[in-house]
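Here are a few notes on the ligand site, for when you have the model open. Have a look at it first, then read on.

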Amino acid sequence: MQKGAIRVQTENIFPIIKKFLYSDHEIFIRELVSNAVDATQKLKTLASVGEFKGELGELEITVAIDKEKKTLTISDRGVGMTAGEVDKYINQLAFSGAEEFLNKYKGQGDGTNIIGHFGLGFYAGFMVSNEVEIITQSWQNAPAVRWVCDGSPEYTLEETTRADRGTDIVLHINEESEEFLEPSRLRGMLEKFCKFLPIPIKFEGQQINNPHPAWTKKPSELTDEDYINFYRELYPFGEPPLFWIHLNVDYPFNLTGILYFPKITKSYEIQKDKINLYSNQVYVTDQVNDIVPEFLMLLHGVIDSPDIPLNVSRSYLQGDPNVKKINAHITKKVADKLEEMFRNDRKAFEEKWEHIGLFVKYGMMTDDKFLEKANKFHLFPGVNGSTFYTLEEYRTSAAGLQTNHEGKLIILYATAPVQQDAYIQAAHAKGYIVVKLDTMVDAAFINQAEQKWENVQFTRVDADIADNLIDPIEKTGSVLLADQETALKTLFEEQVKPAHIKVDLKGLSTDAEPVIVTRPEFMRRMKDMAAAGGG
Ligand code: ADP
Ligand code: MG
């Protein structure tokens, strides 16, 4: 038997590793299973180039618990390691990797700002173990070896026997980590971290992963049903998605994935963190801020990119040029897809507008590149519910009639068509087009659109300007006699005690309602803003 001390500067790095990664102990399973996947894929590569000439056999990975012995074992039938390789890859390299990591990130707080792969890999097993054993047999003709380390820098390495090539990593689970010996707990972790790894993984006799998830296939190979089935795989209890976008880029960076648009109605409960980031099918995180544009954070699905740096802190991620490019690419793809849907089947697009509108408006407000494209397919639903207008169509249809003295297009809108029906009727009687802007983003959208669109002004249908709009044409006189008007005006003034309110009476030539009250658009917006809690 060989005994040795692992060559690291730090005396005993394990307590530091444990403390440092405290919040994320469960990732040990991802690290060890993905090592088993790597070893298996290496063997497949060796076989495909003719270097490995033996039988590949069933290349699966098994995860097993022994509650009595308190062990958790991960076994693969991959390349395995010779004694020399254990020394090189485990004793030297993996340890130096762990040490480098610590030197880099010590002093960065509790580790919660670090995502993804820590570069700790194999040593993540020590977060949950008193002792780690490796029993491994190389694919090359060499004796099997057993390496044991209890978490101090000392280890033992001896010859042993193993039935077949491959590696078992045996974790002797420590007292604080006994939860990981619970099958349901472990199954949950495997489903979270290993669900789409590319080699079959078995736990308690069942395969827990789908090695060929939809996003790794070509869009041309997939039917609508395939996409919907994959959505179910991701969110078994979710409502079916509205539509999806398959991302597939290989230059200048690698990016694949499927983004699903959920159905968003008024009663929709916003679910964030529904996009999972993978790196070559290894789960990384569901915190994809910066990578996915903010206005698309409510989408569901998967993105996979080996080009996103995973071993870095969030603040670094923001400045990473690949991350910026990926973000811009996703925005472009979404805009292109929406435009294509709009052009190919406008009716279907209009039917989905209720759900899509939120994203489009939010995107137009926050991203000028998106705005430029979205101007072509952003829609105003008419209050009647059946006609939809792009900005250009509204401009054309309302030309002349709804232009104010500055030459601005006045877009008339209702926020509550039922309550505002009298005003809508009055506006319709004058030939105006009233659109419905009644969603949660519309107030903000209106303010932004007035800044970003030239010569456009929004006016709520019950505002006094809406009335004044056509004054020059319609000043044909009130339907009231002059003394009736004065009497009514006095009556109103007495009732409303107009310290701040100007009473201005007009006899309208509509018979929709006997009386309607309007108020200046500006005043109303100020009040709405105050009600919404300022700014
Ligand atoms: P990484 O996976 O990033 O290389 P790890 O610390 O996870 O770093 O693993 C260190 C090395 O140990 C691997 O590169 C590999 O050479 C070896 N190794 C780990 N697990 C296995 C395994 N199951 N089979 C064969 N080799 C392994
Ligand atoms: Mg690894």
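Which residues does the UniProt annotation "binding site" cover? The entry, an unreviewed one, lists Glu31, Asn35, Asp76, Met81, Ser96, Gly97, Thr167 and Arg314. Keep in mind while reading that this is a predicted model.

1. Start with the ligand itself. Around ligand 1 there are 17 residues, and the closest are Asn35, Ala39, Tyr89, Gly121 and Phe122. Asn35 also carries the "binding site" annotation in the UniProt record.

2. On where the shell comes from: α2 (27–48) and α3 (83–105) each give at least two residues to it. α2 has the largest share, with five residues.

3. Now Asn35, which sits in helix α2. Asn35 has 21 other C-beta atoms within 10 Å, so it counts as buried, the cut-off being 20 or more. Setting aside neighbours within four places in sequence, its contacts are Gly121 and Phe122, and both of those are among the residues closest to ligand 1.

4. Met81 is another annotated position, and you'll find it in the loop between β3 (71–76) and α3. Is Met81 buried or exposed? Buried, because it has 25 C-beta neighbours inside 10 Å.

5. Beyond four places in sequence, Met81 is in contact with Val86, Tyr89, Thr136, Ser138 and Thr167.

Key
Residues numbered from 1 in each chain as written. Chains lettered and ligands numbered in written order. Predicted model: local features only at pLDDT ≥ 70, side-chain atom pairs only at ≥ 80, totals over all residues. Near = placed C-beta within 6 Å. Helix = DSSP H or I, 4+ residues; strand = E, 2+ residues; numbered from the N terminus. UniProt positions renumbered as here; feature names shortened; annotations may be inferred. Buried ≥ 20, exposed ≤ 12 C-beta atoms within 10 Å, placed from the backbone. Contact = placed C-beta atoms within 7 Å.
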